[in-house]
Amino acid sequence: MYKEARFAPGKPDTIEVGVMPCHGSKPYCSGCGKHRPGYDRLPERTFEFIPFWGFAVFLRYARRRVDCPACGVTAEFLPWAEGKHHLTTAYMQFLAHWARKLSWLEVSRSFHTSWDQVYRSVEWIVQWGLEHRVLGPIKAFGVDEIAYSRGHKYLTLVYQIEAGMVRLLWVGKERTVKTFEGFFTMLGQETCAGIEFVCSDMWRPYIRVIRERCSQAVHILDRFHIVAKMNDALDEVRAEEARELVRNGREPVLKKTRWCLLKRSENLTTPQKGRLKELLRYNLKSVRAYLLKEDFQQFWTYQSATWAGKFLDAWLLRLSLSQTYLSRMSRERPG
Ligand SMILES: [Zn+2]
């Protein structure tokens, strides 16, 4: 039963709606779900509801405690919220629904809520889904991590990726071996044994767990992540060398060359092309790293695994020669 609705004191963009139990009604026990006599009331708290017309909406309710002969003294069951969740079930469904269409950050901004709340809603609905569905056979899944809290924290996400069936299967905190093992425990051995393809990035804990728990599957490292890793490495070499040139009082030829080196050559602008051509004349670590990276593009053109393997061996040999050469150079360099 609803009481009055009012603007929250000091918050003109927030509407609060008081909720009261119907007169004379008995609460339900949250343990066993049965009608039980009331015991006393907990302090009033708020539950966030779906916002409308740009106003945040909160329900205010003092939850009753229940004297249950089977469960002892428990809090009453609430039809609109679960456990300790601060959001109402309706709002969590609403956020999780939008999180399928927009990024979590976009959802949190659009509805003036925090990223964390969106994450909790998705986690809750995935959990709900896990409890209320038959997983069925899974042939292929992909695992990825996302960073939040300015890159200080991570979540592990697992998607089923099959023709006609792409869905979020599981969300885990952190991106450790232990996290990812939780996913396999949830799957169970039988479903694990049926998996044929796994796709991941090169994050070591993932690779290790996949090898241990899913050894029969073909493990695919995706191209996007490999290219990104290579670009990171190249960028590190360039930044370090640029600092070194400055330290040694040499000509700062690497200044403003970041994108010349990182972009695919066909995407370079004309001035960037000129700059790159100029740069390639220098005997620099960054130039060698760039050439190795560009060479690697050829890898993606192979149709045959044997030839791709041969190419990879040759490429790795050049990489190790280049590293030996570099370390010898730096040892023998005077000063
Ligand atoms: Zn009970």
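Figure 1. Residues are numbered from 1 along each chain as its sequence is written. Because the model is predicted, local features need pLDDT of at least 70 and side-chain atom pairs count only at pLDDT 80 or more, whereas totals for chains, interfaces and linings use all residues.

**Figure 2. The packing of helix α1 against helix α3.** Helix α1 (residues 89-98) packs with helix α3 (residues 115-131) at an angle of about 95 degrees, and their axes are 8 Å apart; axes are lines fitted to C-alpha atoms, for helices over the stretch in contact, and angles run from 0 to 180 degrees between N-to-C directions. The two helices are therefore roughly perpendicular to each other, a term that covers angles of 65 to 115 degrees. On the α1 side the contact is made by Met92, Gln93, Leu95 and Ala96, and on the α3 side by Gln117, Val118, Ser121, Val122, Trp124 and Ile125, where two residues are in contact if their C-beta atoms, placed from the backbone, lie within 7 Å.

**Figure 3. Burial in the chain.** Of the 335 residues of the chain, 19% count as buried, a residue being buried if 20 or more other C-beta atoms, placed from the backbone, lie within 10 Å of its own. Taken along the principal axes, the C-alpha atoms of the chain fill a box of roughly 90 × 55 × 40 Å.

Technical notes. Helix = DSSP H or I, 4+ residues; strand = E, 2+ residues; numbered from the N terminus. Parallel < 35°, antiparallel > 145°, perpendicular 65-115°, else oblique. Buried ≥ 20, exposed ≤ 12 C-beta atoms within 10 Å, placed from the backbone.
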